[in-house]
Amino acid sequence: MRVTRTSQAAKIAAILGAGVLVVLIIAPWWAGRADMRLMGELFLYLALASLWNLMAGYAGLVSVGQQAYVGFGGYMLFALTIFAGFPPIVAIAGAGVLGALISVPVALLIFRLRGAYFAIGTWVIAEVFRLSFAQISALGGGSGSSLPVKIVRSMADGRLAREALSYWLALGIAFCVIAAVYMFLRSRQGLALTAIRDNELAASSLGIDIWWTKFIVYVAASALTAMIGALIFLQKLRISPDAAFSVNDWTAFVIFIVVIGGIGTIEGPIIGTLIFFALRETLADLGTVYLMVLGVVAILIMLRAPKGIWGLVRARFDLQLFPLGYRVVSDKVKGD
Amino acid sequence: MSPILQLRGLSKSFGAVVVADKLSYEMQSGEALGIIGPNGAGKTTMFNLITGTLTPDKGDVIFLSKDVTKYSAARRCRLGMARSFQVPQPFSGMTVFENAMIAATQAAGLSGWVAEDSCLKVLEQTNLLDKANVLAGSLNLLDRKRLELTRALCAKPKLLMLDEIAGGLTESECISLVHTIKDIHAQGVSVIWIEHVVHALMAVVDRLIVIDFGKKIAEGPPKEIMASSEVQEIYLGIEVDG
């Protein structure tokens with residue numbers, strides 16, 4: 001009798017995943033500039049979606065205000081490089097630290113709210129962030145500012161090298177976020193989080209501190225979201241309150257990705273991001289019709305497959321590429 | 001021996017309804033205590049007050065010589081109390097084994113293969129091993145009750161609190177349940193057990209407490225208590241003349 005936490009499918013997926021990762025790492029030598037930009041953006045959305053999925057799908061923290069941290073991180077990149085003279089890479093890490101710090105008082109405030117009120121609360125906080133940054137004239141006030149050429153040039157010599165670096169940073173953060181989410185969910189804390197999702201009464205009676213577990217998830221997700229925000233605006237080179245705290249760009253699309261891919265699974269946001277970018281690239285010429293198509297797709301998936309596309313796959317093939325659970329292997333055990 | 005649990009004047013009411021009325025008693029370490037009383041008497045409420053799911057309006061809960069009245073349910077559990085719920089509360093989306101692992105890792109603080117081993121042993125003891133990989137949400141009521149006992153045991157408690165786990169069992173299952181609880185008790189675990197299946201209770205406990213309308217009505221050796229006229233009248237609903 002033994003207990004296993006892996007499967008044949010997961011081992012094959014890990015090998016294939018490592019192969020894909022190598023191909024992606026050497027992309028600057030085989031992909032065009034436009035493709036690399038697109039992939040860089042895709043990785044950043046993948047990272048945002050994985051974090052939102054951890055919060056909403058596992059911790060039950062349905063936030064519609066994560067743009068608060070995307071924008072905050074972006075502004076911290078500008079502030080730390082322009083005023084403190086930090087190199088951009090250090091400023092990205094700094095944005096993460098500051099994002100964690102600012103999320104603590106925010107959490108103390110909004111964790112008093114439950115369910116729908118929590119969601120509304122997060123949106124209100126994001127608006128407060130937007131209005132506050134619009135007041136800071138040193139950062140361009142309501143009209144925003146650009147990253148000085150000197151700072152951009154300090155990253156690497158030449159445009160190609162800079163674009164390759166920013167591509168690798170995006171790939172790196174997406175990889176790290178997914179790896180961190182996976183490791184966290186397999187840990188003792190992750191087991192506690194899954195228990196909370198299923199039954200809060202039983203979880204608290206079995207020694208799990210619900211508030212504290214959710215708090216850790218919220219602060220960690222916020223810090224990483226701020227780092228992603230810093231990267232997003234390092235690619236854009238320009239920031240304004242409306243772009244930085246856009247609910248459409250940084251929350252609505254992210255929710256779309258997670259919902260169609262499959263909420264509450266690590267695989268879901270990956271599938272969702274691929275589908276979102278496929279739709280966007282094929283339908284972008286249609287203008288507003290593109291957004292209507294996204295809406296119809298989201299509604300159809302919610303009605304036909306509430307657990308998303310990965311939910312369908314998992315139900316049919318019992319497949320898990322990122323196994324989180326435990327399986328008892330024994331001739332005494334049924335149900336395999 | 002020092003008392004493991006003391007209740008001092010625990011009171012709780014919801015509006016005008018009094019669900020716990022100045023409950024006071026002591027339980028010695030290693031004791032097995034039975035709780036009986038009619039439906040709605042406040043037995044489960046008393047459990048909720050002891051474990052911290054509910055906060056009392058008045059009174060204190062002393063556990064292992066510590067005043068735990070202000071502690072959260074989670075903290076009290078980590079100190080060493082584990083309960084089963086009368087209405088089963090499984091983690092429906094997780095397998096039976098994972099349910100057990102929650103208790104072993106979070107409540108008992110075990111990790112790695114030690115936790116896994118401990119869960120497998122308990123599952124064997126509670127006859128759930130063959131369903132270890134089944135989702136808890138797809139179990140029938142009887143197996144859900146077994147899962148409640150499993151989780152409570154995997155928490156490795158000093159005080160095991162059981163809330164009506166014998167109801168609905170067949171005679172042979174009931175006998176094996178009594179054996180399991182006697183085993184746990186023999187290992188030095190204190191047991192407090194709410195049960196309507198009186199013969200199962202009588203086989204295990206050293207002392208009985210009768211509760212009605214949130215009040216302690218009687219307390220003493222099981223046989224004496226069951227024979228007393230108040231219990232016959234209040235609990236069994238038999239009219240006693242004179």
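Helix α8 (residues 159–186) of chain A has 28 residues, which should span 40 Å at 1.5 Å a residue, and its end C-alpha atoms are 41 Å apart, in agreement. The expected span is 1.5 Å times one less than the number of residues in the helix. Helices (H or I, at least four residues) and strands (E, at least two) are DSSP runs, numbered from the N terminus.

Before going further, a word on the source: this is a predicted model, in which local features need pLDDT of at least 70, side-chain atom pairs count only at pLDDT 80 or more, and totals for chains, interfaces and linings use all residues. Residues are numbered from 1 along each chain as its sequence is written, while chains are lettered from A and ligands numbered from 1 in the order in which they are written. The predictor gives the complex an ipTM of 0.90 and a pTM of 0.89. For chain B the mean pLDDT (the predictor's confidence in each residue, from 0 to 100) is 91, and 96% of the residues of chain B reach 70 or more.

### Chain A

Back to α8(A): its buried residues are A:Tyr167, A:Leu169, A:Ala170, A:Leu171, A:Ile173, A:Ala174, A:Val177, A:Ile178 and A:Val181. Here a residue is buried if 20 or more other C-beta atoms lie within 10 Å of its own, exposed if 12 or fewer, and partly exposed in between, with C-beta atoms placed from the backbone. The partners against which the buried residues of α8(A) pack are α1 (8–25), α2 (27–30), α3 (33–58) and α11 (210–236) of chain A. Two residues are in contact if their C-beta atoms, placed from the backbone, lie within 7 Å.

A:Ala138 sits in the loop between α6 (115–134) and β2 (145–146) of chain A. With 10 other C-beta atoms within 10 Å, A:Ala138 is exposed.

### Where the chains touch

The contact takes 26 residues from chain A and 34 residues from chain B. On the side of chain A that touches chain B, α9 (188–198), α10 (200–205) and β4 (327–329) of chain A each supply at least two residues. Of these, α9(A) gives the most, with six residues. Sorted by class, this side of chain A has twelve nonpolar, seven polar and seven charged residues. In that count Ala, Val, Leu, Ile, Met, Phe, Trp, Tyr, Cys and Pro are nonpolar, Asp, Glu, Lys and Arg are charged, and the others, Gly among them, are polar.

### Strands of chain B

Four strands of chain B form an open sheet in the order β2-β1-β4-β5, with antiparallel pairing. Its edge strands are β2 (17–28) and β5 (66–67) of chain B, each of which pairs on one side only. Two strands pair if DSSP finds at least two bridges between them. β1(B) and β2(B) also form a hairpin with two residues between them, and B:Gly15 in the turn has a positive phi of about 60°.

Strand β3 (residues 32–36) of chain B is mostly covered, with five of its five residues buried. B:Ala32, B:Gly34 and B:Ile36 point one way from β3(B), B:Leu33 and B:Ile35 point the other way, and all are buried. In a regular strand the side chains alternate between the two faces of the sheet.

| Strands | Sense | Bridges |
|---|---|---|
| β1(B) and β2(B) | antiparallel | eight bridges |
| β1(B) and β4(B) | antiparallel | five bridges |
| β3(B) and β8(B) | parallel | four bridges |
| β3(B) and β9(B) | parallel | four bridges |

B:Leu5 stands opposite B:Met27 in β2(B) and opposite B:Phe63 in β4(B), while B:Leu7 stands opposite B:Val61 in β4(B). B:Gly34 stands opposite B:Trp193 in β8(B), and its bridge partner in β9(B) is B:Leu208.

### Helix α6 of chain B

Helix α6 (residues 171–186) of chain B has 16 residues and reaches 22 Å from its first C-alpha to its last, close to the 22 Å expected at 1.5 Å a residue. B:Leu177, B:Ile181 and B:Ile184 are buried in α6(B). They cover an arc of only 55° around the axis, so they lie on the same side of α6(B); the arc is that of the directions from the helix axis to the C-beta atoms. On the other side of α6(B), B:Glu171, B:Ser172, B:Asp183 and B:Ala186 are exposed. The buried residues of α6(B) pack against α5 (141–154), β7 (159–163), β8 (190–194) and α7 (198–204) of chain B. Just after α6(B), B:Gly188 takes a positive phi of about 100°.
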